[in-house]
Amino acid sequence: MSYIDELGQKAVAAKRKIAAASTSKKNMVLQRIADRLRANVPQILAENEKDIASARDNGITEVMVDRLRLSEERIDGIADACLQLVGLEDPVGEILQGSVRPNGMQITKVRVPMGVIGIIYESRPNVTVDAAALCIKSGNAAILRGGKEAIHSNKILMQLMQQAVEECGFAKETVQLVEDTSREVSTEMMRANDYIDVLIPRGGAGLIQAIVKNATVPVIETGTGNCHIYVDSPADLEMAVAITDNGKTQRPSVCNALESCLVHKDVAASFLPMLKEKLDQHQVEIRGCERTAQILGDSVIPATEDDYATEFLDYIISIKVVDSVEEAIEHIRKYTTGHSECIVTEDYSHARKFQKEVDSACVYVNCSTRFTDGGEFGLGAEIGISTQKLHVRGPMGLKELTTMKYLINGDGQIR
């Protein structure tokens, strides 16, 4: 029996009890996980420090190290995310639709857990807890495969969660970590159709595309984020600077960070110097078109087609001056990954046009793309941002980790 077969069989056995668990029982597990995390901060940080040291030894950039780093504040935030799920409505058992057929047969459509959810992800150890907690609350078992760069952090977090799960009367295999981070085991997980009901990748474009192309298990594709902002004419330029700066520099290593700025020609001469002054505080590298360079000077690196298509995840931004909202929309259509886009405008018709014609999961008017997040949307923690259209799109919370079942009741009807 292979390693993944073993994990899969244990997950299938464990899913039955968590799927049938009451809301109060599932909430008890989440509360216990939060307590365990807060009671073991020094141990978690010690293991995380091993991952940080290894990452630096391997030449990983400081921006990517930040994705890996845990702190007492971040651990407290992870625990809070578990408690937020406690306060959210349990989607399992929700009646979505009901009808009585002419023959008297009663049909009810209800929400049920998916079963066993596999998640393959990179770097960020908070995903280990977020994903497990969401699966528990939605009545699913979880098999989690994090990246080798976070293996020490993920092991201690999983150990604490499994203790909490077991203390609450469930099999510890309700949540499991794939400790073998080899490519071969990852590929085996992608094809574990006998055990895993759905696979969710979280990470860079290379990881996601590798899973989409190689998996036989159904995949929900989550987003690389080549996110755009378009500064329109007319627009509140101070607001536009603040939104662009927040989107680019608050946390550049995440998928909802801004990567590209489009600006209308009528406000470019006023806006771009204001933006550069702000971005210079974070040493943001600007890659721009000819008109951008004419306004900002020699500090602008000429932008290539690849620059406009790149999710930098770093202190780099591409800029293009455009002639109209139509050109901005067309540019976004060409280069977007379908994640999050924003327009800053005081023209209501332009705002409506942008939201109607830009085909991304989240389309903003006058606010930062950094809000594309399950917690910010009131979903509690999130399992990822789906950039596809089946079966979900955008931030994926509890309801997005369920499916439907029809319950049919009769009194002897035959066809």
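Trainee: At what angle do the axes of α1 and α8 cross?
Mentor: Two packed helices are described by the angle between their axes and the distance between the axes. Here, helix α1 (residues 3-19) and helix α8 (residues 183-190) cross at roughly 45°, and their axes come within 9 Å. That makes α1 oblique to α8 (under 35 degrees is roughly parallel, over 145 roughly antiparallel, 65 to 115 roughly perpendicular, the rest oblique). This is a predicted model, where local features need pLDDT of at least 70, side-chain atom pairs count only at pLDDT 80 or more, and totals for chains, interfaces and linings use all residues. Residues are numbered from 1 along each chain as its sequence is written, and side-chain values use heavy atoms, leaving out hydrogens and water.

Trainee: Which residues of α1 and α8 meet?
Mentor: Tyr3, Ile4 and Asp5 in α1 meet Val185, Glu188 and Met189 in α8, with contact meaning heavy atoms within 4.5 Å.

Trainee: How far apart are the axes of α10 and α11?
Mentor: The axes of α10 (residues 237-249) and α11 (residues 265-280) are 10 Å apart, at an angle of about 40°. That makes α10 oblique to α11. Among the residues making the contact are Leu237 and Val241 of α10 and Phe271 and Met274 of α11.

Trainee: Is Asn226 buried or exposed?
Mentor: Asn226 has 1% relative accessibility, so Asn226 counts as buried (under 20% relative accessible area; exposed is over 50%, partly exposed in between, with a 1.4 Å probe and protein chains only). Asn226 sits in the loop between α9 (205-214) and β7 (227-231). A polar atom of the Asn226 side chain lies 2.9 Å from the backbone oxygen of Tyr308.

Note on methods
Axes fitted to C-alpha atoms, helices over the stretch in contact; angles between N-to-C directions. Helix = DSSP H or I, 4+ residues; strand = E, 2+ residues; numbered from the N terminus. Polar contact = N/O pair within 3.5 Å; in protein donor to acceptor, adjacent residues only side chain to side chain.
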